Amino acid sequence: MKNFSFKVDEIREQFPALSKTVNGLPAAFLDGPGGTQVPRRVVEKINDYLYYRNANSHGVFKTSVESDNLYWQAREVYADFLNCSPEEVAFGANTSSNNFKLALGLVRTMKPGDEVLITDIDHEGNRSPWRTLEDFGIVVKSVKINTDTITLDFEDFKSKLSGKTKVFAVNWAANSCGTITDVKKFIDEAHKVGAITVVDAVHYAPHRPIDVKAIDTDVLLCSAYKFFGPHFGIMYVKKSVGDQIRTVRVMADDNTEAPFKFETGTPAMELAAGSAEAVEFIADIGRAHEEFFLDRLAGLEGRRRFVVAGMMAIDEYEEGLALQLRKELSAMPGVKVFGPEEGHPRTSTVSFNIQGIHSNEIARFLAERGLFVWDGDYYAIETITNVLGLEPSGGLVRIGLAPYNIQSEIDRVIQAVRDFIESKK
């Protein structure tokens, strides 16, 4: 790859929120894992739908026909985002809601004593839906993590996987500290016992390209508001698997046609349109940076090619900033950065704490300087609270990067943390 140059100024121009100030300082949105900011074009796409095409589905009149067409076009866009067919893309309110619907559908054909395998590294959105099935007699087991590196224990996973395992649910990237798991290795093992695999890609999707066929998962979930869209959930369901699932929906016995059977009620078509535009925004990033990744884009065509190029550009840019952040923070007295060893795949999310200091105090200090970061457990409760035991110190401070973040913001964070530490002497 020739010398990479990211056109961050052109990207920043598209986000009105970046004009916000705090105490006379420009706001730095470092809260990406909780949800990114939204480019103007996404809002305009939603407005266009509501102003000129708003109608319920399946009517014969113009706006209803337009609505149905836009909704299907959104499936086509996400088929390119995920590398699947439009018939394998379903929409819903958010990933947690989609996961609960999936779990309650799958339990219709399970029996007491069947097992579900989840993990200690997951967000509760990919734990709680499956834990709920305990009320139906389903046995739920959880894969341990290595507490030093915040990585999944593959041997523990294999020891808990059995012929009774009907579902294996795992995240691709941990929202707690950015650890990326080699999910295909786990998926291949789960398929050997006939388990359905469910990948939570909510934290992975904003940072790296997704190819559901390459990892061979049965289900994958993500949320558009994590990558420049509105609050909206996307679910890939492999056709051969989806055809067999009895879903939870109106007309509960009508489970013949995917992807519709995975959706409940009147769809939020304006949000589907906005979510699709968020992918188009990523594709445009790809068009602007394609030249740097030509050797890795061989064989890819059309929108899929540009989506992949866009995600590669985002990952390349963010990782440079995150690496500096991890190194500088780790060198400060009392600071511990949590996550895998350098060289292990990870997102640009950096989580840390300071010995003897409540994380909320640090976040408040940064907020007063216009640096927007998260603190707490971010619903990675099993990891942060139960396994690492960090609740008394307020969990972790989490800095999450997006492609609109810039070097000066990283410099401000580093200086602010230094100032905070100095103020405590």
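**Close-up views of a predicted model**

View 1. The model is predicted: local features need pLDDT of at least 70, side-chain atom pairs count only at pLDDT 80 or more, and totals for chains, interfaces and linings use all residues. Residues are numbered from 1 along each chain as its sequence is written, and side-chain values use heavy atoms, without hydrogens and water. Helix α3 spans residues 62–82 and α11 spans residues 302–330; they pack at about 55°, axes 8 Å apart. Helices are DSSP runs of H or I, at least four residues; strands are runs of E, at least two. Axes are lines fitted to C-alpha atoms, for helices over the stretch in contact, and angles run from 0 to 180 degrees between N-to-C directions.

**View 2. Residues joining α3 to α11.** Helix α3 brings Glu-76, Val-77, Asp-80, Phe-81 and Leu-82; α11 brings Arg-303, Arg-304 and Val-307. Contact means heavy atoms within 4.5 Å.

**View 3. An open sheet of seven strands.** The order is β4-β12-β11-β10-β9-β5-β6, with mixed pairing. Strands pair if DSSP finds at least two bridges between them. At the edges lie β4 (89–92) and β6 (139–143), each pairing on one side only. From one strand to the next, the twist averages 20°.

**View 4. Strand β5 beside β6.** Strand β5 (residues 115–119) pairs with β6 in the parallel sense over five bridges. Ile-118 stands opposite Ser-142 in β6.

**View 5. Helix α4 on the sheet.** Helix α4 (residues 95–106) touches β4, β9 (165–171), β10 (196–200), β11 (219–223) and β12 (233–237). Its direction makes about 155° with that of β11.
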